[in-house]
Amino acid sequence: MTPEDEKDIKLFLYHAKQCDPKKCTGKKMARFGLVNLFEKIERIPSHSILLDPMAEKALSPEDSTKKGITVLDCSWEEVERVFPQLLRMRLEHRALPYLVAANPVNFGRPFKLTSVEAFAAALYILGNKQQAEKIMSKFNWGHTFIELNHEPLEEYSQAKDSKDILRIQSEYM
């Protein structure tokens, strides 16, 4: 582990094995050692930030990253199945603000981010821009995500809190 890696935020991925393994950004991240992959929901570390599009609070620089960031890589059906369990776990549910996908499947569509795009957005907002760029560098379209969303990501990363994020988001929607 290099000194640079020591300040990286820990990334966790619940993978439900529901996607095409050749296109799965989460699996690719795991192959490069960029994420800890779990196939059982109860393995998600407590108090980590769970990126949850239904969360009432937006992710902001005021959130603590000590326990890491968790992304769910599964279908909406699976989310509905595991959501009651997720609510019982001690996780910090946070929604990402408005961003546009750069992945080949959903290019240009708002809120249709892959797992790696969600992680990169969260890292960037939380001030770990180098880590965001590092994980996106593993994808030939990865630099496009940062370029496409550069202006809002910069503004979100300067926000004070969740309310400030929502104010900034309203300027882009």
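This is a predicted model: local features need pLDDT of at least 70, side-chain atom pairs count only at pLDDT 80 or more; totals for chains, interfaces and linings use all residues.
Local features require pLDDT of at least 70 and side-chain atom pairs count only at pLDDT 80 or more, whereas totals for chains, interfaces and linings use all residues. Residues are numbered from 1 along each chain as its sequence is written, and side-chain values use heavy atoms, with hydrogens and water left out.

The protein contains 8 helices and 5 strands, taken as DSSP runs (helices H or I, at least four residues; strands E, at least two) numbered from the N terminus. Their order along the sequence is α-β-α-β-β-β-α-β-α-α-α-α-α. Of the 173 residues, 49% are buried (under 20% relative accessible area, 1.4 Å probe, protein chains only). Among contacts (heavy atoms within 4.5 Å) between residues at least 6 apart in sequence, 68% join residues at least 24 apart.

Nonpolar cores were defined as sets of buried Ala, Val, Leu, Ile, Met, Phe, Trp, Tyr and Cys residues joined through side-chain atoms within 4.5 Å. The largest has 39 residues. Met29, Leu51, Ile69, Phe119 and Ile135 have the most contacts inside this core. Two or more residues each come from β1 (11–15), β3 (49–51), β4 (69–73), α4 (115–125), α5 (129–136), α6 (142–148), α7 (150–157) and α8 (162–172). The most come from α4, which gives 9 residues.

Met29 touches Leu11, Leu34, Val35, Val116, Phe119, Ile135 and Phe139, leaving aside residues up to four places away in sequence. A second, separate core has 10 residues, including Tyr14, Ile44, Val82 and Met89.

Key:
Buried means under 20% relative accessible area, exposed over 50%, partly exposed in between (1.4 Å probe, protein chains only).
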